[in-house]
Amino acid sequence: AITSTYRFTGAFPAPDDPVVARTTDTLLARTRAAAGAGAELVVWGEGSTLVSQDGESAFLDRVSSLARDERIDIVPAYAALPGDGTGPAHPFRNTLTWVTADGAVAETYLKHHPIPGEGSVPGTDPLGTVSFGGARVAGAICYDYDFPAVSMGHAHLGADLVVLPGLDWRGMLRRHTLMARIRAIEGGFSILRPANGATSMAFDQYGRIRASMTDFGNNNKTMMASVPLHRVPTLYSRIGNAFAYAAILAVLFCFGTVFTRRSR
(Lines give C-alpha, C1' and ligand atoms only; values in the text may rest on other atoms or scores of the structure.)
Protein backbone atom coordinates (compact mmCIF):
# COMPACT_ATOMS: atom_id res chain seq x y z
CA ALA A 1 0.00 0.00 0.00
CA ILE A 2 1.52 3.29 -1.18
CA THR A 3 0.25 6.67 -0.05
CA SER A 4 0.92 10.09 -1.52
CA THR A 5 2.80 12.91 0.19
CA TYR A 6 0.91 15.67 -1.61
CA ARG A 7 -2.77 16.43 -0.96
CA PHE A 8 -4.79 17.43 -4.03
CA THR A 9 -7.52 19.38 -2.27
CA GLY A 10 -9.45 22.47 -3.29
CA ALA A 11 -8.44 23.79 -6.71
CA PHE A 12 -6.45 21.21 -8.67
CA PRO A 13 -3.09 22.31 -10.09
CA ALA A 14 -2.41 21.69 -13.77
CA PRO A 15 -1.27 18.11 -14.48
CA ASP A 16 2.04 19.47 -15.84
CA ASP A 17 2.72 21.40 -12.62
CA PRO A 18 6.20 20.50 -11.22
CA VAL A 19 4.61 19.48 -7.91
CA VAL A 20 2.42 16.94 -9.72
CA ALA A 21 5.41 15.62 -11.69
CA ARG A 22 7.45 15.18 -8.49
CA THR A 23 4.52 13.45 -6.81
CA THR A 24 4.16 10.96 -9.66
CA ASP A 25 7.90 10.30 -9.72
CA THR A 26 7.88 9.68 -5.97
CA LEU A 27 4.97 7.25 -6.21
CA LEU A 28 6.72 5.29 -8.94
CA ALA A 29 9.96 5.24 -6.92
CA ARG A 30 8.12 3.95 -3.85
CA THR A 31 6.46 1.31 -6.01
CA ARG A 32 9.84 0.14 -7.31
CA ALA A 33 11.21 0.05 -3.76
CA ALA A 34 8.23 -2.01 -2.59
CA ALA A 35 8.84 -4.46 -5.43
CA GLY A 36 12.46 -4.73 -4.32
CA ALA A 37 11.24 -5.53 -0.81
CA GLY A 38 9.16 -8.42 -2.14
CA ALA A 39 5.77 -6.92 -2.99
CA GLU A 40 3.81 -8.75 -5.68
CA LEU A 41 0.95 -6.23 -5.82
CA VAL A 42 1.21 -2.49 -5.19
CA VAL A 43 -1.87 -0.29 -4.71
CA TRP A 44 -1.88 3.51 -4.37
CA GLY A 45 -4.24 5.54 -2.20
CA GLU A 46 -7.18 7.34 -3.80
CA GLY A 47 -6.29 10.36 -5.94
CA SER A 48 -2.56 9.94 -5.33
CA THR A 49 -1.66 12.02 -8.36
CA LEU A 50 -3.18 13.98 -11.24
CA VAL A 51 -3.08 13.36 -14.97
CA SER A 52 -4.86 14.92 -17.91
CA GLN A 53 -7.07 12.63 -19.92
CA ASP A 54 -4.91 13.46 -22.93
CA GLY A 55 -1.81 12.46 -20.96
CA GLU A 56 -3.31 9.41 -19.26
CA SER A 57 -1.97 7.01 -21.87
CA ALA A 58 1.61 8.24 -21.42
CA PHE A 59 1.23 8.01 -17.64
CA LEU A 60 0.00 4.42 -17.88
CA ASP A 61 2.89 3.59 -20.20
CA ARG A 62 5.26 4.51 -17.36
CA VAL A 63 3.31 2.33 -14.94
CA SER A 64 3.25 -0.56 -17.44
CA SER A 65 6.99 -0.31 -18.00
CA LEU A 66 7.61 -0.47 -14.26
CA ALA A 67 5.23 -3.43 -13.88
CA ARG A 68 7.10 -5.34 -16.60
CA ASP A 69 10.51 -4.46 -15.20
CA GLU A 70 9.64 -5.57 -11.67
CA ARG A 71 7.19 -8.36 -12.62
CA ILE A 72 4.49 -7.04 -10.28
CA ASP A 73 0.88 -5.94 -10.61
CA ILE A 74 0.34 -2.23 -9.95
CA VAL A 75 -2.94 -0.45 -9.21
CA PRO A 76 -2.41 3.32 -9.48
CA ALA A 77 -5.30 5.46 -8.20
CA TYR A 78 -5.44 8.96 -9.64
CA ALA A 79 -7.63 11.83 -10.83
CA ALA A 80 -7.85 12.31 -14.61
CA LEU A 81 -8.76 15.90 -15.51
CA PRO A 82 -10.70 16.69 -18.72
CA GLY A 83 -8.83 17.24 -21.97
CA ASP A 84 -5.31 18.51 -21.53
CA GLY A 85 -6.03 19.65 -17.97
CA THR A 86 -5.83 23.38 -18.73
CA GLY A 87 -9.59 23.98 -18.69
CA PRO A 88 -12.19 23.41 -15.97
CA ALA A 89 -11.13 20.61 -13.61
CA HIS A 90 -14.67 19.28 -13.14
CA PRO A 91 -16.05 16.80 -13.77
CA PHE A 92 -12.90 14.67 -13.47
CA ARG A 93 -12.51 10.88 -13.43
CA ASN A 94 -11.68 9.37 -10.02
CA THR A 95 -9.89 6.32 -11.33
CA LEU A 96 -8.05 3.15 -10.45
CA THR A 97 -6.40 1.14 -13.20
CA TRP A 98 -5.16 -2.42 -12.78
CA VAL A 99 -1.88 -2.99 -14.62
CA THR A 100 -0.68 -6.59 -14.70
CA ALA A 101 2.89 -7.85 -14.44
CA ASP A 102 3.12 -8.13 -18.23
CA GLY A 103 2.21 -4.44 -18.58
CA ALA A 104 -1.35 -4.94 -19.79
CA VAL A 105 -4.32 -2.97 -18.47
CA ALA A 106 -6.73 -5.49 -16.97
CA GLU A 107 -9.35 -3.07 -15.66
CA THR A 108 -10.15 0.62 -15.42
CA TYR A 109 -12.60 1.47 -12.65
CA LEU A 110 -14.29 4.80 -11.94
CA LYS A 111 -15.57 5.55 -8.46
CA HIS A 112 -19.23 4.51 -8.47
CA HIS A 113 -20.32 6.68 -5.53
CA PRO A 114 -18.57 10.07 -5.45
CA ILE A 115 -19.07 11.91 -2.19
CA PRO A 116 -21.46 14.91 -2.44
CA GLY A 117 -19.65 17.84 -3.99
CA GLU A 118 -16.67 15.79 -5.14
CA GLY A 119 -17.15 16.66 -8.79
CA SER A 120 -16.13 13.36 -10.32
CA VAL A 121 -17.95 11.35 -12.99
CA PRO A 122 -19.76 8.37 -11.38
CA GLY A 123 -18.70 5.00 -12.77
CA THR A 124 -21.48 2.92 -14.29
CA ASP A 125 -19.69 -0.19 -15.55
CA PRO A 126 -20.68 -3.49 -13.92
CA LEU A 127 -18.43 -4.73 -11.13
CA GLY A 128 -15.81 -7.24 -12.19
CA THR A 129 -12.76 -9.14 -11.00
CA VAL A 130 -9.17 -9.50 -12.16
CA SER A 131 -7.13 -12.70 -12.01
CA PHE A 132 -4.10 -12.42 -9.73
CA GLY A 133 -2.04 -15.27 -8.31
CA GLY A 134 -4.77 -17.76 -9.12
CA ALA A 135 -7.30 -15.67 -7.18
CA ARG A 136 -10.10 -13.27 -8.07
CA VAL A 137 -9.42 -9.70 -7.05
CA ALA A 138 -11.88 -6.80 -7.22
CA GLY A 139 -11.48 -3.07 -6.80
CA ALA A 140 -13.47 -0.10 -5.51
CA ILE A 141 -12.65 3.40 -4.28
CA CYS A 142 -13.14 4.72 -0.75
CA TYR A 143 -16.78 5.85 -0.32
CA ASP A 144 -17.99 3.02 -2.58
CA TYR A 145 -17.64 0.65 0.37
CA ASP A 146 -20.05 2.71 2.46
CA PHE A 147 -22.68 1.12 0.19
CA PRO A 148 -23.25 -2.56 1.08
CA ALA A 149 -24.45 -3.38 -2.44
CA VAL A 150 -20.92 -2.86 -3.79
CA SER A 151 -19.25 -5.27 -1.37
CA MET A 152 -22.15 -7.71 -1.81
CA GLY A 153 -21.54 -7.56 -5.56
CA HIS A 154 -17.90 -8.46 -5.00
CA ALA A 155 -18.90 -11.37 -2.75
CA HIS A 156 -21.29 -12.67 -5.41
CA LEU A 157 -18.45 -12.49 -7.94
CA GLY A 158 -16.36 -14.71 -5.67
CA ALA A 159 -13.71 -12.09 -4.88
CA ASP A 160 -10.83 -13.37 -2.75
CA LEU A 161 -9.28 -9.94 -2.25
CA VAL A 162 -10.56 -6.38 -2.67
CA VAL A 163 -8.23 -3.42 -3.19
CA LEU A 164 -9.81 -0.26 -1.84
CA PRO A 165 -7.85 2.99 -2.33
CA GLY A 166 -9.06 5.64 0.10
CA LEU A 167 -8.67 9.36 0.76
CA ASP A 168 -9.61 10.59 4.24
CA TRP A 169 -8.37 13.25 6.64
CA ARG A 170 -6.65 13.28 9.99
CA GLY A 171 -9.87 13.60 11.95
CA MET A 172 -10.99 10.23 10.56
CA LEU A 173 -7.81 8.59 11.87
CA ARG A 174 -8.83 4.90 11.52
CA ARG A 175 -12.63 5.16 11.47
CA HIS A 176 -13.32 4.91 7.75
CA THR A 177 -10.77 2.16 7.25
CA LEU A 178 -12.27 0.14 10.09
CA MET A 179 -15.71 0.52 8.50
CA ALA A 180 -14.30 -1.32 5.47
CA ARG A 181 -13.22 -4.08 7.84
CA ILE A 182 -16.90 -4.95 8.32
CA ARG A 183 -17.18 -5.56 4.57
CA ALA A 184 -14.28 -8.02 4.74
CA ILE A 185 -16.09 -9.99 7.44
CA GLU A 186 -19.44 -9.86 5.63
CA GLY A 187 -18.05 -10.92 2.26
CA GLY A 188 -15.39 -13.34 3.48
CA PHE A 189 -12.57 -11.72 1.50
CA SER A 190 -9.34 -9.90 2.34
CA ILE A 191 -9.10 -6.12 1.89
CA LEU A 192 -6.10 -3.89 1.21
CA ARG A 193 -6.95 -0.22 1.84
CA PRO A 194 -4.24 2.38 1.26
CA ALA A 195 -5.61 5.61 2.72
CA ASN A 196 -4.12 8.98 1.85
CA GLY A 197 -4.43 11.35 4.80
CA ALA A 198 -5.47 8.76 7.39
CA THR A 199 -4.64 5.13 8.24
CA SER A 200 -3.93 2.37 5.75
CA MET A 201 -4.77 -1.19 6.77
CA ALA A 202 -4.94 -4.72 5.46
CA PHE A 203 -7.52 -7.23 6.73
CA ASP A 204 -7.98 -10.94 6.25
CA GLN A 205 -11.38 -12.58 5.66
CA TYR A 206 -12.15 -12.54 9.40
CA GLY A 207 -11.41 -8.84 9.78
CA ARG A 208 -8.11 -9.42 11.54
CA ILE A 209 -5.63 -6.58 10.98
CA ARG A 210 -2.63 -7.87 9.05
CA ALA A 211 -0.88 -4.50 8.75
CA SER A 212 -1.51 -0.86 9.64
CA MET A 213 0.22 2.43 8.78
CA THR A 214 -0.66 5.97 9.74
CA ASP A 215 -0.16 8.63 7.10
CA PHE A 216 1.16 11.02 9.74
CA GLY A 217 4.68 11.36 11.04
CA ASN A 218 7.98 10.29 9.59
CA ASN A 219 7.63 7.13 7.52
CA ASN A 220 8.22 6.08 3.93
CA LYS A 221 4.47 5.99 3.08
CA THR A 222 4.77 2.29 2.22
CA MET A 223 2.90 -0.47 4.06
CA MET A 224 3.85 -4.08 3.42
CA ALA A 225 1.21 -6.70 4.16
CA SER A 226 0.60 -10.38 3.55
CA VAL A 227 -3.06 -11.38 3.17
CA PRO A 228 -4.78 -14.66 2.21
CA LEU A 229 -5.95 -15.02 -1.37
CA HIS A 230 -8.91 -17.30 -0.78
CA ARG A 231 -12.38 -16.32 0.32
CA VAL A 232 -14.41 -17.80 3.15
CA PRO A 233 -18.09 -18.50 2.37
CA THR A 234 -20.34 -16.45 4.64
CA LEU A 235 -24.04 -16.52 5.40
CA TYR A 236 -24.25 -12.77 4.76
CA SER A 237 -22.95 -13.17 1.22
CA ARG A 238 -25.90 -15.51 0.59
CA ILE A 239 -28.78 -13.76 2.32
CA GLY A 240 -27.51 -10.18 2.58
CA ASN A 241 -29.61 -8.00 4.89
CA ALA A 242 -32.59 -10.37 4.87
CA PHE A 243 -32.24 -10.99 8.62
CA ALA A 244 -32.16 -7.26 9.34
CA TYR A 245 -35.25 -6.69 7.19
CA ALA A 246 -37.04 -9.57 8.95
CA ALA A 247 -36.16 -8.03 12.32
CA ILE A 248 -37.56 -4.65 11.23
CA LEU A 249 -40.77 -6.31 10.04
CA ALA A 250 -41.04 -8.17 13.35
CA VAL A 251 -40.70 -4.90 15.29
CA LEU A 252 -43.32 -3.23 13.11
CA PHE A 253 -45.63 -6.19 13.57
CA CYS A 254 -45.25 -5.95 17.36
CA PHE A 255 -46.00 -2.22 17.32
CA GLY A 256 -49.01 -2.85 15.10
CA THR A 257 -50.31 -5.57 17.39
CA VAL A 258 -49.97 -3.38 20.48
CA PHE A 259 -51.63 -0.41 18.74
CA THR A 260 -54.53 -2.59 17.54
CA ARG A 261 -55.15 -4.02 21.01
CA ARG A 262 -55.09 -0.59 22.63
CA SER A 263 -57.48 0.75 20.02
CA ARG A 264 -59.91 -2.06 20.78
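User: Which residue forms a salt bridge with Asp 168 here?

Analyst: Arg 193 does, and the closest N and O atoms are 3.0 Å apart. Keep in mind that this is a predicted model.

User: Are Asp 168 and Arg 193 buried or exposed?

Analyst: Both Asp 168 and Arg 193 are buried.

User: OK, how many salt bridges are there in the whole structure?

Analyst: A search turns up ten. Among them, Lys 111 meets Glu 118 with an N to O distance of 2.8 Å. Lys 111 and Glu 118 are buried too.

User: Which residues are linked in a network with that pair, Lys 111 and Glu 118?

Analyst: Glu 46 is; with Lys 111 and Glu 118 it makes up a network of salt bridges.

User: And what does Lys 221 pair with?

Analyst: Lys 221 pairs with Asp 215, with 3.6 Å between the closest N and O atoms.

User: Why does Asp 215 count as buried?

Analyst: Because its relative accessibility is 4%, and buried means under 20%. Lys 221 is buried as well, with a relative accessible area of 10%.

User: Switching to helices. How do the axes of H1 and H2 cross?

Analyst: Helix H1 (residues 18-36) and helix H2 (residues 56-70) have axes that come within 10 Å and cross at roughly 15°. That makes H1 roughly parallel to H2, since angles under 35 degrees count that way. As for handedness, H1 passes H2 in a right-handed crossing.

User: Which residues make the contact?

Analyst: On the H1 side, Thr 24, Asp 25, Leu 28, Thr 31, Arg 32 and Ala 35. From H2 you get Phe 59, Arg 62, Val 63, Leu 66, Asp 69 and Glu 70.

User: Last one: where is Asp 146?

Analyst: Asp 146 is in the loop between strand E8 (135-139) and helix H3 (148-156). At 26% relative accessibility, Asp 146 counts as partly exposed.

User: Which residues does Asp 146 touch, not counting those up to four places away in sequence?

Analyst: His 176, Met 179 and Arg 183. There's also His 113, 33 residues apart from Asp 146 along the chain, with 8.9 Å between their C-alpha atoms.

Definitions and conventions:
Residues numbered from 1 in each chain as written. Predicted model: local features only at pLDDT ≥ 70, side-chain atom pairs only at ≥ 80, totals over all residues. Heavy atoms only, no water. Axes fitted to C-alpha atoms, helices over the stretch in contact; angles between N-to-C directions. Helix = DSSP H or I, 4+ residues; strand = E, 2+ residues; numbered from the N terminus. Parallel < 35°, antiparallel > 145°, perpendicular 65-115°, else oblique. Left-handed = near helix turned anticlockwise from the far one by under 90°. Contact = heavy atoms within 4.5 Å. Salt bridge = Lys/Arg side-chain N within 4 Å of Asp/Glu carboxyl O. Buried < 20%, exposed > 50% of the residue type's maximum accessible area, 1.4 Å probe, protein only.
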